[in-house]
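Thanks for making time this morning. I would like to walk through one structure with you, going from its sheet to its pocket and then to a few side-chain details.

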Amino acid sequence: MKERMYGMDQAEGLRNIIKKQDIQPADHTARVITVTSGKGGVGKTSVSVNLAIAISRMGKRVILLDADFGLANIEIMLGIRPRYNLADLMFRGRGIRDIITYGPENIGFISGGSGINELSNLTREQVIHLIQKMSELDQMADVIIVDTGAGIGDTVMEFVAASEEVLLVATPEPTSITDAYALLKSLNRYSSYQPGKTVIKMIANQVREPGDADELFEKIGVVVNKFLNIEIEYLGEIPYDRNMSKAVMRQQPIGIAVPDCAAARSVQRIANTLENREDLNLRERSGLKHLFSRVIRMKFNHFMI
C-alpha cells in the first residue's frame, strides 16, 4: 500500500481537525466493545458474532464491524456477503446505511474491506467525512462490536489501544496463553496506550475440563500483574462444543443453529454479565467516532507525519 506523506503543518492541521470533530457532543453514543486475541484459531470471531446475537436478544441494537482486513470470517459465519464495505463509505460516496448488512436477530454487519488499511491515507476532507459518519453510526446502535484481526500487528494494536472496552479471547492451550501475553506485553509498550482508559476482560474459550478456565486466567494474570502496567478481569468461559464446528459448516452462528447447546448458553451468560457489569455509563462513553479518531491519530503518528 502506498503511504501518503504529509508535512508537519499538514499533519498538525489534520490532528486539529480530528480533535475538533471528536469533541463535538452527540445525542446518543454507542457502547463500543473491541474483541481481540493473541493468535488465530481461538474462536475470536465466533465469540464476536454470537455475543452480538445474544446482546440483540436482550433488546439492544447491535452492529458488528469487521476490522480484520484481508479475511471475511464474519461473512462466512453469517452466510451473507455485503454489497458495500467501509471503503465504499470513505471513497465511493456510499452512505452509512448503504454499508450495513443485516443478519440473524437483526444484527447489523459492516465489512471493513480495504478501508481499515487506508485510514492513514485520508485527506482532510475524508477525515472529516469519516468521523461524521461514525457519529451517525453511534446514533444507530446501542452496542458496536469491533472484531479485530488476531496477533500484534499495527492495526490490531491501534484498535485495542484506542478502545475503552476490550475482550481478550484465549484458550487453555499453551500457545494461546503465550500469544495472549505477547499481545498484552505489546499493548503495554504501545506509546498511545493509556491504561486508565481501557478495561480489558478475558474470555476463556474452548474449555474442555473443569478448572481449566481458572487456571488459564491465573497463568495470564500472574505474569501480567507482575510485569505489566495492565489490569485484566475475568469475564467468563465458553466450553468446547462439537456443535460449534457443525454450525460453522452450515454458515450459521451457534446461537442460531443450536441455541440451547452449552456453548450458546455460555455466550448468553457472558452477554448478561457484560450488561450487568457495564463499566462505562452513558455519560462516559465516547463511541465509535472517538475510537476511529484515536486510531487515525495513531496512524498519523506511526508514519511520523
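**The sheet and what surrounds it**

Let me begin with strand S5, which is mostly covered, since 7 of its 8 residues are buried. Please keep in mind throughout that this is a predicted model, and that every value I quote is computed from that model.

How many strands form the open sheet, and in what order do they run? There are 8 strands, in the order S3-S4-S2-S5-S1-S6-S7-S8, and the pairing is mixed. S3 and S8 stand at the edges, where each has a single partner strand, so one side of each is left without a neighbour in the sheet.

In that order S5 sits between S2 and S1, and I will take the two partners in turn. With strand S1, residues 31-37, S5 pairs in the parallel sense over 6 bridges. Two of the contacts can be picked out on the screen: Thr34 has Val146 of S5 as its bridge partner, and Ser37 has Ala150, again in S5. With strand S2, residues 62-67, S5 also pairs in the parallel sense, over 6 bridges, and here Ala67 has Thr148 of S5 as its bridge partner.

S2 itself deserves a moment. It is largely enclosed by the rest of the structure, because 6 of its 6 residues are buried. As background, the side chains of a regular strand alternate between the two faces of the sheet. In S2, Val62, Leu64 and Asp66 point one way, while Ile63, Leu65 and Ala67 point the other way, and all of them are buried.

**The largest pocket**

Moving on to the pocket, the largest one has a volume of about 470 Å³. Its lining is made up of 29 residues, and those that lie nearest its centre are Gly41, Val42, Gly43, Lys44 and Gln206. Several elements give two or more residues to this lining, namely helix H2 (44-56), helix H3 (73-78), strand S5 (143-150), strand S7 (199-207), S8 and helix H9 (242-249). Which of them gives the most? That is H2, with 3 residues.

**Aromatic rings**

Next come the rings, where a search of the whole structure finds 2 aromatic pairs. Phe159 and Phe292 form an edge-to-face pair, at 5.8 Å centre to centre and with 85 degrees between the planes. This pair links distant parts of the chain, with Phe159 in helix H6 (residues 154-162) and Phe292 in helix H12 (residues 287-302), 133 residues apart.

Phe217 and Tyr234 form a tilted pair, at 5.6 Å centre to centre and with 50 degrees between the planes. Phe217 lies in helix H8 (residues 212-227) and Tyr234 in strand S8 (residues 232-239), so this pair ties together parts that are 17 residues apart in sequence. Both of its members are partly exposed: Phe217 has a relative accessible area of 23%, and Tyr234 has one of 26%.

While we are on rings, the charged end of Arg208 sits over the ring of Tyr240, at 3.8 Å from its centre.

**Two backbone details**

Finally, I would point out two residues with positive phi. Glu105 is not a glycine, yet its phi is positive, at about 60 degrees, and it is found in the loop between strand S3 (101-102) and strand S4 (108-111). Gln251, likewise a residue other than glycine, has a positive phi near 55 degrees, and its place is in the loop between H9 and helix H10 (254-257). In terms of accessibility, Glu105 counts as partly exposed at 36%, and Gln251 counts as partly exposed at 39%.

I will stop there and gladly take your comments.

Methods. Residues are numbered from 1 along each chain as its sequence is written. This is a predicted model: local features need pLDDT of at least 70, side-chain atom pairs count only at pLDDT 80 or more; totals for chains, interfaces and linings use all residues. Side-chain values use heavy atoms; hydrogens and water are left out. Rings of Phe, Tyr and Trp (its six-membered ring) pair if their centres lie within 6.5 Å; planes under 30 degrees apart count as stacked, over 60 as edge-to-face and the rest as tilted. Helices (H or I, at least four residues) and strands (E, at least two) are DSSP runs, numbered from the N terminus. Buried means under 20% relative accessible area, exposed over 50%, partly exposed in between (1.4 Å probe, protein chains only). A charge sits over a ring if NZ of Lys or CZ of Arg is within 6 Å of the ring centre and within 35 degrees of the ring normal. On a 1 Å grid over the protein atoms alone, a cavity is a set of points where a 1.4 Å probe fits but cannot get out, and a pocket is an open set with protein on both sides within 12 Å along at least five of seven lines; lining residues have an atom within 4 Å of a point. Grid points are joined across faces, edges and corners, and a volume is the space filled by probe spheres set on the points. Two strands pair if DSSP finds at least two bridges between them.
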